[in-house]
Amino acid sequence: MMSSIMRESHIMKIHYLTALVAVGFVIIHIMVRVMQGFSDSLEFENVIANYKSIPYAVVLEAMLILISVHGFNGLRVILLELKQGNAYENAVTYGCLAAMIALIAYGSRTIIMASMGMV
Amino acid sequence: MTKGGALPKGFERPSDSDSQEKYEEVKPSSKTITLRISKFNPEKDHTPTFLEFTVPYQRWTTVLDAILEVKSYHDHSIGVRYSCRQATCGSCGMIINGKPKLACFTKISELNSNVVTVEPMNNFPLIRDLTVGFERMISTHKRIKPYIIREDSEISSGTKEFLQTPEDVEKYIQFAGCIKCGLCNSACPTMATDSTFIGPQGLAQAYRYIADNRDQGKDERLRIIDERHGIWGCHFSGSCSQVCPKGVDPAMGIQLLRGYLLGYKK
């Protein structure tokens with residue numbers, strides 16, 4: 001169980017920290033979008049160009065990881081409060097962990113492929 | 001105006017010529033309320049019903065007095081738990097007009113309503129009518145080790161009493177006022193959904209002992225509350241602190257406990 005590997009307070013420290021750091025990265029992201037102009041930033045070529053800029057790709061990857069970790073842990077906490085029981089709690093914990101890893105893997109694949117010009 | 005100072009309405013001091021040292025009986029009040037009492041026996045009934053009674057009241061009549069009036073003269077079968085009648089024992093917690101309160105500590109005249117509805121507390125298993133089971137609350141209370149933990153004691157040789165400064169006492173004294181009435185647990189939204197949550201009562205008591213500088217069981221208690229259904233389940237709605245009849249602030253205690261666990265409080 002995740003909770004037996006990590007104390008709940010350690011998980012919550014990660015939860016709060018990922019939220020705070022993600023806010024910082026989201027601010028950078030919004031500022032870049034505002035600088036370019038909103039409608040221009042939605043153009044296909046401009047979207048792809050974002051991934052080809054390594055610093056910006058790093059920002060996107062960081063946002064993906066931070067928001068996934070924070071979001072899936074939040075979901076886990078909500079689901080654990082709705083229903084209790086060992087089997088259910090383990091399923092929720094491992095399910096959220098697996099979904100988080102899957103989302104990060106899929107998102108990272110997209111970022112890497114786009115930055116390497118494979119899209 | 002009565003002679004010799006204010007007396008409750010309905011009392012009259014005997015005249016000087018009257019040698020008998022007794023007051024006249026309280027006159028029956030003309031004021032009445034409709035008392036709606038939730039009636040439900042889980043072993044027999046399918047759904048709760050409300051019984052309505054017209055009850056006379058005075059300025060000082062409490063909701064518990066009104067319930068006992070009904071129990072004495074209208075329906076003996078009403079299930080209600082009470083004991084001290086002075087907000088000390090914590091037995092008569094119930095939902096009064098939608099809010100968790102002690103029946104002995106709530107005056108009808110303060111409710112500003114002609115209809116007073118009493119129901120059993122939320123988040124507790126119902127025994128019958130207004131009586132709920134306290135097993136879960138007592139077991140979580142025991143779980144957090146509600147006593148001073150330390151190697152030596154005041155009766156060990158070489159030790160006398162463990163002195164505390166007023167500042168030391170100030171850190172925990174409000175939490176020591178808990179009477180285990182369960183109103184905070186009844187008001188807690190997390191308790192409503194999470195059947196294994198420790199609850200504001202247990203968490204506030206954990207803080208009460210951790211903040212006591214005579215205690216050495218901090219790490220032990222922090223381990224107990226630092227689990228899935230422990231302190232992190234609190235959403236900080238603050239309703240526990242709003243309903244406490246003794247002025248305890250469990251929500252604050254929970255935030256202070258989180259400070260220990262997150263490392264910004266030693």
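**Entry 1. The contact between the chains**

I started with the two chains of this predicted model. I counted 11 residues of chain A in contact with 13 residues of chain B. Next I asked which elements of chain A give two or more residues to that side. They are helix H2 (8-36) and helix H5 (54-82). H2(A) gives the most, with four residues. I then sorted the chain A side by class and found three nonpolar, three polar and five charged residues.

I also looked up the scores for the complex. The predictor gives an ipTM of 0.80 and a pTM of 0.83.

**Entry 2. Chain A by itself**

I listed the elements of chain A and got six helices and zero strands. From the N terminus on, the order is α-α-α-α-α-α.

I checked the overall form next. The C-alpha trace of chain A spans about 50 × 30 × 20 Å along its principal axes. The radius of gyration of chain A is 17 Å, whereas a compact globule of 119 residues would have one near 14 Å. I looked up burial as well: 16% of the 119 residues of chain A count as buried.

Then I took the contacts in chain A with a separation of 6 or more. Of these, 79% come from residues 24 or more positions apart.

**Entry 3. Confidence in chain B**

Chain B averages a pLDDT of 90, and 89% of the residues score at least 70. I noted one stretch to treat separately. Over residues 1-7 of chain B, pLDDT stays under 50. For that stretch the model has six contacts beyond four places in sequence.

**Entry 4. Two domains of chain B**

The domain assignment of chain B gives domain 1 (32-132) and domain 2 (135-262). I took the distance between their C-alpha centres, and it is 29 Å. I found 14 residues of domain 1 in contact with 13 residues of domain 2. Which strand gives the largest share of the domain 1 side? It is strand E4 (residues 99-102) of chain B, with four residues. By class, the domain 1 side divides into seven nonpolar, five polar and two charged residues.

**Entry 5. The largest nonpolar core**

I went to the largest nonpolar core, which has 56 residues. The members that touch the most other members are Val63(B), Ala66(B), Ile67(B), Ala103(B), Leu203(B) and Leu257(B). Helix H6 (residues 200-210) of chain B gives the most to this core, with six residues. The core draws at least three residues from each of domain 1 and domain 2 of chain B.

Leaving out residues up to four places away in sequence, Ala103(B) touches Thr62(B), Val63(B), Leu64(B), Ile67(B), Tyr82(B), Cys92(B), Met94(B) and Ile96(B).

Most residues other than glycine have a negative phi. I looked up two residues of chain B with a positive value.

Asn97(B) has phi near 45°. Asn97(B) sits in the loop between strand E3 (93-96) and E4 of chain B. Is Asn97(B) buried or partly exposed? I counted 16 C-beta neighbours inside 10 Å, so Asn97(B) counts as partly exposed.

Asp129(B) has phi near 50°. The place of Asp129(B) is the loop between strand E6 (126-128) and strand E7 (131-132) of chain B. Asp129(B) is buried, because 24 other C-beta atoms lie within 10 Å and the cut-off is 20 or more.

Technical notes: Residues numbered from 1 in each chain as written. Chains lettered and ligands numbered in written order. Predicted model: local features only at pLDDT ≥ 70, side-chain atom pairs only at ≥ 80, totals over all residues. Contact = placed C-beta atoms within 7 Å. Nonpolar A, V, L, I, M, F, W, Y, C, P; charged D, E, K, R; others polar. pLDDT = per-residue confidence, 0-100. Core = buried A, V, L, I, M, F, W, Y, C linked by C-beta atoms within 7 Å. Buried ≥ 20, exposed ≤ 12 C-beta atoms within 10 Å, placed from the backbone. Domains from an automatic or database assignment. Rg over C-alpha atoms; globule rule 2.2 N^0.38 Å.
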